[in-house]
Amino acid sequence: MQPGSNSSIVCSKLIVCVLAAASVTLAGCGGTARLKEPQPLESSRPPAAAKDDRILASIDTVIHRDGAGAWTRDAEWDEYHIRIRALSDEAVEIREIVIFDALDQRIEARSDRGDLVDGTREIEQRYQQSGQLVRDRGGNGWGVVGAGVGGAAVIVASAAPATIAGAATFFTAGAVAVVAGAHFAGAAVERMLINAEIKRRQTTLPVTLPRGAEASLDLFFPITPLSGRTQVVYADRHGEHRLDIGTGAALLEPPPPPTLVTRRDPDFPDLARRHGVTRGYVNAHLTLDRKGRVQNVDVIQSVPPRVFDAEAHWTFKEWTYTEGHPGRTVEAKLEFKR
């Protein structure tokens, strides 16, 4: 064996390990992603509706971030399913549907993912600057100042990120660049596919309804907490008209996120002991059934890679959350320390 060959082998192994860890870390970064299977669309609440002499309009469902009917994870928009029926003896043209936020600001439907994300950020900033609305204690929703804001917190099993004792920090800039480049290229493709799906689903207005006809419209809006009303703008031979549907927080605000009810702490696996690993952590997406039991564990980040995955899987499967619609997802974290 040539002098220095051992060092070369060690360095090669270190690079491979760092590449694996970097790829897992990058893959675990947040962002909207399509789901393999859409969440079941269920609604036990009656739709919001309004009518006049010419049309009947109802909001059948609103698909919120990670809620019933969601087809992406961590969506930055709300998807409205609106049904309109022509009641008069003449045709009507549905020209526009808009919603009004908690500050009565007019919000238009958008068909571009980037525009929806920007709109969501604008609404959040406007709410923060208004002085009339405040975040709940968990940061998951909004409430009116002085109205008694609830506080459902996102559950994280352990808050502080772990530090791997003695973990190798040697790596090459080129290796990380390759992993990062692959990650961001994949993320760009995912954004393109999501954008194409939004455009495919979005109903193009205007839509003309012959007398007695009915249409189902699918429209995307920036996330608009505490939306007060939805307005349908339509026209017939007598001119343009507006019909307001009183939505309110009761219908359009998403249910509270799942709350952890019972949990058990993990055992420290023998695999980690044999490899001299003293600590680490696992982040995962947990899919819940109606009773709040964990049905599926999707590991999104593990440090060191794969050492604690098996134990984390079995540990998470014994956790339970509050009841709700099946298919809900929650992000959770387990820390391991010898």
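**Exercise 1. Work out whether arginine 95 is buried, partly exposed or exposed, then find its salt-bridge partner.**

Step 1. Arginine 95 has a relative accessibility of 40%, so it counts as partly exposed. The cut-offs here: buried is under 20% relative accessible area, exposed is over 50%, and partly exposed is in between (1.4 Å probe, protein chains only).

Before going on, a word on the model: it is predicted, so local features need pLDDT of at least 70 and side-chain atom pairs count only at pLDDT 80 or more, while totals for chains, interfaces and linings use all residues. Residues are numbered from 1 along each chain as its sequence is written, and side-chain values use heavy atoms, with hydrogens and water left out.

Step 2. The partner is glutamate 240, with 2.9 Å from N to O. A salt bridge means a side-chain nitrogen of Lys or Arg within 4 Å of a carboxyl oxygen of Asp or Glu.

Step 3. Arginine 95 sits in strand 6 (residues 92-100) and glutamate 240 in strand 13 (residues 239-246), so this pair ties together parts 145 residues apart in sequence. Helices (H or I, at least four residues) and strands (E, at least two) are DSSP runs, numbered from the N terminus.

Step 4. Glutamate 240 comes out as partly exposed too, at 41%.

**Exercise 2. Find how many salt bridges the structure holds, and look at some of them.**

Step 1. The count is 27. Side chains of opposite charge can pair when their charged atoms come close.

Step 2. Take glutamate 108 and arginine 106: their side chains meet in a salt bridge at 2.8 Å, N to O. Glutamate 108 is partly exposed at 41%, and arginine 106 is partly exposed at 35%.

Step 3. Now try arginine 264 and glutamate 318, whose closest N and O atoms are 3.1 Å apart in their salt bridge. This pair links distant parts of the chain, 54 residues apart: arginine 264 is in the loop between strand 14 (260-262) and helix 5 (270-274), and glutamate 318 is in the loop between helix 6 and strand 17 (320-321). Arginine 264 is partly exposed at 24%, as is glutamate 318 at 47%.

Step 4. For a network of salt bridges, look at Asp60, Arg83, Arg85 and Glu214, which are linked in one.

**Exercise 3. Describe the surroundings of glutamate 311.**

Step 1. Leaving aside neighbours within four places in sequence, glutamate 311 is in contact (heavy atoms within 4.5 Å) with Arg264, Pro266, Asp267 and Phe336.

Step 2. Zoom in on aspartate 267: its backbone nitrogen lies 3.0 Å from a polar atom of the glutamate 311 side chain.

**Exercise 4. Track down some cis peptide bonds and positive phi values.**

Step 1. Most residues other than glycine have a negative phi, and most peptide bonds are trans.

Step 2. Leucine 205 and proline 206 are joined by a cis bond with omega about 10°; proline 206 is in the loop between helix 3 (173-201) and strand 10 (207-209). From valine 303 to proline 304 the bond is also cis, with omega near -5°, and proline 304 is in the loop between strand 16 (294-303) and helix 6 (309-316).

Step 3. Aspartate 66 has a positive phi, near 60°, in the loop between strand 3 (55-63) and strand 4 (72-73). Leucine 226, not a glycine either, has a positive phi of about 60°. Leucine 226 sits in the loop between strand 11 (214-222) and strand 12 (229-236), and at 18% relative accessibility counts as buried.

Key
Polar contact = N/O pair within 3.5 Å; in protein donor to acceptor, adjacent residues only side chain to side chain.
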